[in-house]
Amino acid sequence: MNPADTFLAHLSSTVSTMESVETTATTPAPATATANDSAPRPAPGVPAWVKRFLHVLIEPRSYLNALYLLTAFPLGLAYFIVLIGGAITGALVAGIIIGLLFLLAVLVAAWGFALFERELTIHLLGMDVPPLSLPNAELVSPWRMLVRHLRQSTTWRSMGYLIVKLPFGIFATSVTFVLLVPPIVGIMYPLLNLLGNGPFPESIGLLIVPGIPAVLGLAVALHGLNLIGRIWGRFAADMLGVSDEQRQIWEARLKAEAADRSRRELIMNVSHELRTPIASIQAHVDSLLLPEADRPDAEETERRLRVTAAETRRLSDLIEDLLMLARADSNELKVANRPIRLAPIVEQVVLALAPLARQERQVTVTLEKIPDALWAHGDSDRLAQVLTNLVRNAINYTPEGGVVSIRVTGGTDRVQIAVSDTGLGISADDLEHVFERFYRADTSRTRDTGGFGLGLSIAREFVEAMGGSLSATSQPGLGSTFWISLRRAEPA
Ligand code: ADP
C-alpha cells in the first residue's frame, strides 16, 4: 500500500467509526445508515472504502457541520462581548442596584445563548444533548428561582462553554475557510469556464485538472471538519446538558412522588369502595337488632341476611384483590412460568362459564378449535384466572342474546387469545383507562355488575408477570375484544 492509500484507508475507517456513533446519537443518522446498508454492493473494482470516502460529499450532515463551524466565530464573539462586556459594566457601574441588574441581565442572556447553542449542537452537529435543566413542577418565588439557578452546575458549565466558544470559533471558522475555499474554487472555476466557453477541449481538461483533485480535496476537507465537529459536539453535550447523575436523581424523585400519589389515591379509593357495602351491612344488621316489636318478619329478615351475606362476600373479594395488587406492587406476585398447553386451560374456563351465561343471560359462549400443538410460556392457574375474568366481563357487559367468542391463534413467536363480545363496547376515552385500578367505564351500568374496577388491572399484572401483554380494542355499540398475547413455547 502506498502512503496515499494508507492515508485514505485511515480516513475512511475514521469516517466509518463516526457513522456508527451517529447512528445511536441522532435521528436522521439511522436513515443514512439504513440507506448505506441497503445500498447496492459496490461495483467490482470500486472498493468499499472509496465509496465511504466519497459518501461524505453527499451527506447533508457534513454541510450542516461546516455551517456550524463557519458560524462559530461570529457567535463566539457575540457571546463574549455580551457576557464579558455585561459583567464588566455590571461590576463597574456606580450604584449597587443598577450593577446587580446588569449582572442579572447577563445571567438571563447567558441562559438564552446556552439554550440556543444546545439547539445548534443538536440540529447542526447531530448530537444527543440532555436538557439544560430539569423541569420543576413547584411554584417558587423569583428569588428562590434565582438561587436555584445559581446553584445548578449547568449554569456555570454552560457559561464556561460560551466563553470558550470564542477561541474555538477563531480556530474553527478559520480552519473551515482554509479547508473549504481551495476545493470550492477548484470545482467552481472549471464549471463556470464550461458554462461560459462551451464544451471545448480546454474546458473539459479543466474539469479533470483541477476539477477531480478539487473534489477529492473537498471530501478530505469535509472528513476533517466532521472530525472537529464531532469532538466539539461531545464537549458541547457535556457542558450544555445536565449530568447523568442529576438526571437519575430527578427520575428517582419523580418515581417516588408518583408512588406516593398512587398510595394516597389507593387509600382514598379503598375507603370510598368500603363505605357503601359497610353502610349497607350496618343498616341491615341494625334493623335485625331492633326491639322485638319493630323487627321485620321472617321472610324480610332472611332477605336482609342474604343481602348482608352478599355484601360481606363482595368485601372479602375486594380484600383479596387488594392483597393481590399489594403483592404485585412489592414484586411478590407468585407466577410459576413454564411451557403450558393452551387448549385444556381455555376449554376448562369456557366449560365452567358457558352454561351459566346461557341460563342466566341468554348469552352464547363459543370457542374455536384450538390446535393441540399450541403452547405458551405462562402459569396455567393464573392464565385461567385472567381468562375467567375476561370472559365474565364479556358476559356481564353483553345484553341478552349476545355472543362471546374465544379464539386462540399462534404466530411464530407469540400466541394470542382473543375474547370478543357483541356487547355495548367501550368508548375510546374509557378504553385508555380500563386497565387502571378502580376504573369503571360507566359507573351507573357497572355498579349493577358488582365489580370494583380492579379485575382488569390485576389481569394485566398477571399477564405481564407471564412475560406477555393484555390489550383491548372496542367499537362502541358493537362490542369489544380483549387480547392476551404470550410468548410461544415448544411443547414440553
Ligand atoms: P369490574 O370489576 O368493574 O368489571 P374490571 O377491571 O374488570 O372491573 O373492568 C373495568 C371496567 O371496564 C368495567 O367497569 C367496565 O366498565 C369495562 N369493561 C370491562 N370489560 C368490558 C367488556 N367486555 N365490555 C364493556 N366494558 C367492559
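**Reading the model**

Guide: Let us begin with the overall make-up: the protein has 17 helices and seven strands. Please keep in mind that this is a predicted model.

Visitor: What share of the 492 residues in the protein is buried?

Guide: Burial is judged by counting neighbours: a residue is buried if 20 or more other C-beta atoms lie within 10 Å of its own, and exposed if 12 or fewer do. In this protein, buried residues account for 24% of the 492.

Visitor: How is one to read the contacts along the chain?

Guide: One asks how far apart in sequence the partners are. Among contacts between residues at least 6 apart, 73% join residues at least 24 apart.

Visitor: Which residues come nearest to the ligand?

Guide: The shell around the ligand has 22 residues, and Tyr-397, Ala-441, Gly-451, Gly-455 and Leu-456 come nearest. By class, ten residues of this shell are nonpolar, nine are polar and three are charged.

Visitor: Which helices each supply at least two residues of that shell?

Guide: They are helix H14 (380–396) and helix H17 (455–465). H17 gives the most, with three residues.

Visitor: Where is a cis peptide bond found?

Guide: The angle to read is omega. A cis peptide bond joins Val-209 and Pro-210, with omega at about 10 degrees. Pro-210 belongs to the loop between helix H9 (201–208) and helix H10 (211–240).

Visitor: Which residue has a positive phi of about 55 degrees although it is not a glycine?

Guide: That residue is Asn-331. Asn-331 lies in the loop between helix H12 (298–329) and strand S1 (338–341).

Visitor: Why is Asn-331 classed as exposed?

Guide: Asn-331 has 7 other C-beta atoms within 10 Å, and a residue with 12 or fewer counts as exposed.

Visitor: Where is Phe-438 found?

Guide: Phe-438 is in the loop between H15 and H16. Its phi is near 70 degrees, a positive value in a residue other than glycine. Phe-438 is partly exposed, because 16 other C-beta atoms lie within 10 Å.

Visitor: Is Glu-436 buried, exposed or partly exposed?

Guide: Glu-436 is partly exposed, because 13 other C-beta atoms lie within 10 Å. Glu-436 is located in the loop between helix H15 (428–431) and helix H16 (443–446).

Visitor: What separation is there between the C-alpha atoms of Glu-436 and Gly-453?

Guide: Their C-alpha atoms are separated by 7.9 Å, while the two residues are 17 residues apart along the chain.

Definitions and conventions. Residues are numbered from 1 along each chain as its sequence is written. This is a predicted model: local features need pLDDT of at least 70, side-chain atom pairs count only at pLDDT 80 or more; totals for chains, interfaces and linings use all residues. A residue is near a molecule or strand if its C-beta atom, placed from the backbone, lies within 6 Å of it. Helices (H or I, at least four residues) and strands (E, at least two) are DSSP runs, numbered from the N terminus. Ala, Val, Leu, Ile, Met, Phe, Trp, Tyr, Cys and Pro count as nonpolar, Asp, Glu, Lys and Arg as charged, and the others, Gly among them, as polar. Two residues are in contact if their C-beta atoms, placed from the backbone, lie within 7 Å.
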